[in-house]
Amino acid sequence: MQNFEATKCPSDELSLTNKIFFNPNDVRSLKNQFIKIHSGSGSYAFLLDSNPSIPTGKAGFSLVQRRWANVSIGQPVGVEFNCSFDPRTTCIATHHHGPLQFGRDANRIHAMLSQMPLTVGQEIVFKFKDKKHLLLRVKEMETLQPRGDVVAAQFGVISGNTIATFEKLPDSPLVLTGKAKAKQPYQSIINPDWNFSMMGIGGLDREFSDIFRRTFASRIFPPDLVEQLGMCHVRGLLLYGPPGTGKTLMARQIGKMLRRSRAKNSVNGPSILDKTSGERKSKIRELFADAEEESHSGIGNRLRFAYQSASPDEHGRHQILGIHTSKIRDNGKLSPDVDVRELAAKTKNFSGAELAGLVRAATVTAMNRLVQASEKVQVDPDAIEKLCVTRHDFLHALEYDIRPSFGAQEEELDRYVTGGLVKWGNPVNHVIEHGLLATRAARAEAEAGADSGRPVALLLEGPRNSGKTALAVHIARQAGFSYVRLATSKNMVGFNEVAKCMAVKKFFDDAHKAKQAVVILDGLEGLIDYSPVGPRYSNYVLQALRDLITAPLPRNKCLLLLGTTSCRDALEELGLVQCFTAGKIHVSNLTQPEHLVTALNQLDAAKFTEKEVRQIYKSVSGCRLNIGIKELLDVARMTNRVEEGDRVRYFLDRLNEDGRLTE
C-alpha cells in the first residue's frame with residue numbers, strides 16, 4: 001500500500017467518469033485498474049485513470065467521491081494498487097439505485113458503469129441528456145455465486161449480465177419509465193397538512209366532489225395500483241361558468257391542496273392578451289417554461305397525408321373496450337359482471353378516445369369508493385386488494401361523466417318528444433310510414449355506391465303546434481342512424497347571416513363524415529328569417545340552404561334530411577320547398593272527436609278519468625274541432641291544476657275561447 005495526498009479531480013468532465021486520477025508516472029507499471037482507498041473511515045473500491053495535470057504523489061477525487069469516502073483535500077490516504085476480485089463471487093446479479101429517472105437511457109448508463117466496482121451506499125455522478133448532472137446512489141445489490149444462487153452483498157463489480165433497477169426520490173421532477181424502474185415509493189399528491197375545512201368555498205360541495213373524483217382520486221393511490229389498472233392521470237382541468245361563481249377561488253384552493261406547490265403559476269387572461277403579439281408569445285412561453293423543463297414533448301413535422309377517421313361501429317367499440325380493460329382484467333380488478341359487449345352496445349357514437357375516457361371514469365369511480373374524504377383525505381389501507389371496477393361503475397360513468405361529442409344529441413331531442421309520441425290517428429301513421437320509406441331510400445343511396453349520391457330530403461308541413469318537430473325526431477330515431485342533429489333558429493338567436501350559415505354548414509359537414517346521418521331543419525321559415533310583412537327574408541341563408549340540401553354526398557354515405565315548416569306557400573315561392581324531392585307530407589291538426597279521445601288517453605299530462613273523457617267526447621260530437629297536438633298538451637296541463645268537478649268545463653271553455661271548438 002502506498003500513501004498519496006488527496007486533491008481535486010482535474011475537471012468536471014473527468015469527474016463524470018467516477019474514477020480516481022493519478023499522475024501517469026505513479027501508475028505506469030500497474031496491471032489492472034482496480035484500487036482500494038483506505039481513509040480513516042474505511043476502505044473503498046474504485047477504478048483508476050491517469051492524467052498529467054495531477055501532481056506526482058497525489059490522487060484526484062471528485063466532490064462526490066470525497067464526500068462518500070470522507071476524504072478532504074490535502075488529507076493523506078492509503079492506496080492499494082493491483083487489487084483483484086474473484087469474478088465467480090463478486091459479479092453483481094442485480095443492483096438497485098436511487099435516485100435516478102430514465103427509461104430508454106438505462107442501457108447507456110449501464111454501459112458507462114461496466115466493470116466498475118460498487119459498494120452499497122456509494123454515490124456516482126453523471127450527465128443526463130446533456131442537460132442535468134444527476135446523482136446515483138447504490139441502495140442494495142446481489143451477487144451471483146458459482147452454484148447459481150444470488151445473495152445480498154455489500155460490494156461487487158458490474159458485468160455485462162448485471163441487471164440494474166432504479167427508483168426515484170418522491171419529490172424528484174423526473175419520471176421513471178421502462179423496464180429498468182423499480183417499485184416506486186408512494187407519496188400522495190395531497191399536501192399532508194391540508195384540511196378540507198380550509199377550503200373556504202361555500203355552496204360548491206358537489207362541484208368540488210366531482211372535481212376531486214374525476215381529477216385527483218387516481219393520484220392518491222399507489223403508483224403500482226394505477227399501473228395495474230393501465231390508467232393515465234388527468235393532466236389538466238378547465239373550470240368554466242358565469243363570472244363570480246367561484247372558478248378562480250376554487251383553482252387557487254386546489255393549488256394549495258396539492259403537495260408540489262413550486263409549479264403553481266397563476267396568471268389572468270387580460271394580463272397576457274393586453275400586449276403586442278410578440279409580448280403575448282413571450283409571456284405564454286414564460287408561463288410554461290417550468291413545465292417544459294420537467295417534461296419531454298414531441299412536435300410533428302409536415303403531415304404527408306390526411307386521413308378522416310369515423311366513430312367505430314359496435315364491433316370496433318368492443319375491440320377498443322377490450323383493449324382498455326385488458327390490464328384491469330389481467331390484474332384481477334375487473335368484476336365478472338362487466339360485459340364488454342353490453343358496453344359496446346350502449347356506447348353508440350363514442351370515439352376511441354371517449355371509450356378510453358369511459359374506462360378511466362369507471363375506474364376512478366371505483367377508486368373513489370375507497371377514498372375517505374372528510375376533513376383529511378385517507379385511503380382504505382386494503383385498497384389494492386379491495387379495488388374492483390364493476391358494471392355499476394361503468395353505468396355511472398355513462399350517465400354522469402362521459403357523453404359522445406359526435407352523434408345523436410339525445411337530451412336535446414328528448415325535449416321535443418316529452419312523454420313520447422302521441423299516435424292519435426291515421427294522419428300520424430301516414431307521416432311515419434312516409435318517414436320509414438324515406439329512410440329506406442337513404443340507405444339504398446349509400447348501398448348503391450354511386451359517386452354522386454344525393455340526400456333524401458323530406459318536408460313535413462302543416463299548421464303551427466301540429467307536432468311536426470316531434471314527428472321528425474321520431475322518424476330520425478327510428479332510422480337508427482349514428483349521427484342525428486337538429487338545426488333550429490331557437491339555438492341561433494342573435495346570429496347574423498354569416499354566423500347562421502356557418503352553423504348550419506357545420507351540421508352538414510359533420511353529417512358527411514358519418515356513414516349514416518339525419519339532419520332535421522326545424523322551422524325553415526325561422527332559419528331564413530322569413531317575415532310575412534314585406535315579405536322579408538335572408539337571401540344569404542336561403543341560398544346556403546338550397547345549396548346544402550341539394551349538394552351531392554361523398555361515396556357510400558347516406559343523409560336523410562327532414563325539414564319542417566308552417567309556411568309552405570311562402571317557401572314555395574322562394575324555391576326552397578322544391579329542394580325536398582322525397583316528398584312534402586302534410587301534418588294535420590286533430591279534427592275528429594275520436595282523435596281527441598285517443599290523444600287524451602295517451603297523453604301523460606292529461607289526468608282525466610274515463611267518465612270525464614266520455615263527457616268531453618259527448619260535448620265535442622257534432623262540433624267543428626281543429627287543434628294541434630302541442631296546443632292540446634298545454635290545455636291538458638292547465639286542466640290538471642283545476643278542481644276535479646270543474647275540469648271538463650274548464651277544458652271545453654279553453655277550446656272554445658281559442659277558437660279550436662266551434663258549433
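Mentor: Let us begin with a network of salt bridges, which links Arg 67, Glu 123 and Arg 137. Please keep in mind that this is a predicted model.

Trainee: Which residue forms a salt bridge with Lys 19, and which parts does the pair tie together?

Mentor: The partner of Lys 19 is Asp 49, with 3.9 Å between the closest N and O atoms. Lys 19 belongs to the loop between helix 1 (12-15) and strand 2 (20-22), whereas Asp 49 belongs to strand 4 (residues 42-50), so the pair ties together parts that are 30 residues apart in sequence.

Trainee: What separates Glu 572 and Arg 568 in helix 23?

Mentor: Glu 572 and Arg 568 form a salt bridge whose closest N and O atoms are 3.9 Å apart. Because they are four residues apart in helix 23 (residues 568-573), about one helical turn separates them. Glu 572 is partly exposed, with a relative accessible area of 33%, and Arg 568 is partly exposed as well, at 26%.

Trainee: Where do Glu 612 and Arg 647 lie?

Mentor: Their side chains meet in a salt bridge, at 3.1 Å from N to O. Glu 612 is in helix 25 (residues 610-620) and Arg 647 in helix 27 (residues 647-657), so this pair ties together parts that are 35 residues apart in sequence. Glu 612 is buried, at 6% relative accessibility, and Arg 647 is buried, also with a relative accessible area of 6%.

Trainee: How is the packing of two helices to be read, and at what angle do helix 12 and helix 14 cross?

Mentor: Two packed helices are described by the angle between their axes and the distance between the axes. Here, the axes of helix 12 (residues 314-330) and helix 14 (residues 352-368) come within 10 Å and cross at roughly 35 degrees. The crossing of helix 12 and helix 14 is right-handed.

Trainee: Which residues of helix 12 meet helix 14?

Mentor: Helix 12 contributes Arg 317, Ile 320, Leu 321, His 324, Thr 325 and Ile 328; they meet residues of helix 14 including Gly 352, Leu 355, Ala 356 and Val 359. By class, the contact of helix 12 with helix 14 has seven nonpolar, four polar and one charged residues.

Trainee: Which residues does Thr 469 touch?

Mentor: Thr 469 lies in helix 19 (residues 468-479) and counts as buried, at 17% relative accessibility. Leaving aside residues up to four places away in sequence, Thr 469 touches Tyr 416, Leu 486, Asp 522 and Thr 564. With Asp 522, its side chain makes a side-chain polar contact of 2.5 Å.

Trainee: Finally, what is the phi of Asn 465 and of Asn 556?

Mentor: Asn 465 has a phi near 65 degrees, a positive value in a residue other than glycine. Asn 465 lies in the loop between strand 16 (456-461) and helix 19, and is partly exposed at 33% relative accessibility. Asn 556, likewise not a glycine, has a positive phi of about 60 degrees. Asn 556 sits in the loop between helix 22 (539-550) and strand 19 (558-565) and counts as partly exposed, at 37% relative accessibility.

Terms used: Residues numbered from 1 in each chain as written. Predicted model: local features only at pLDDT ≥ 70, side-chain atom pairs only at ≥ 80, totals over all residues. Heavy atoms only, no water. Axes fitted to C-alpha atoms, helices over the stretch in contact; angles between N-to-C directions. Left-handed = near helix turned anticlockwise from the far one by under 90°. Contact = heavy atoms within 4.5 Å. Nonpolar A, V, L, I, M, F, W, Y, C, P; charged D, E, K, R; others polar. Buried < 20%, exposed > 50% of the residue type's maximum accessible area, 1.4 Å probe, protein only. Polar contact = N/O pair within 3.5 Å; in protein donor to acceptor, adjacent residues only side chain to side chain. Salt bridge = Lys/Arg side-chain N within 4 Å of Asp/Glu carboxyl O.
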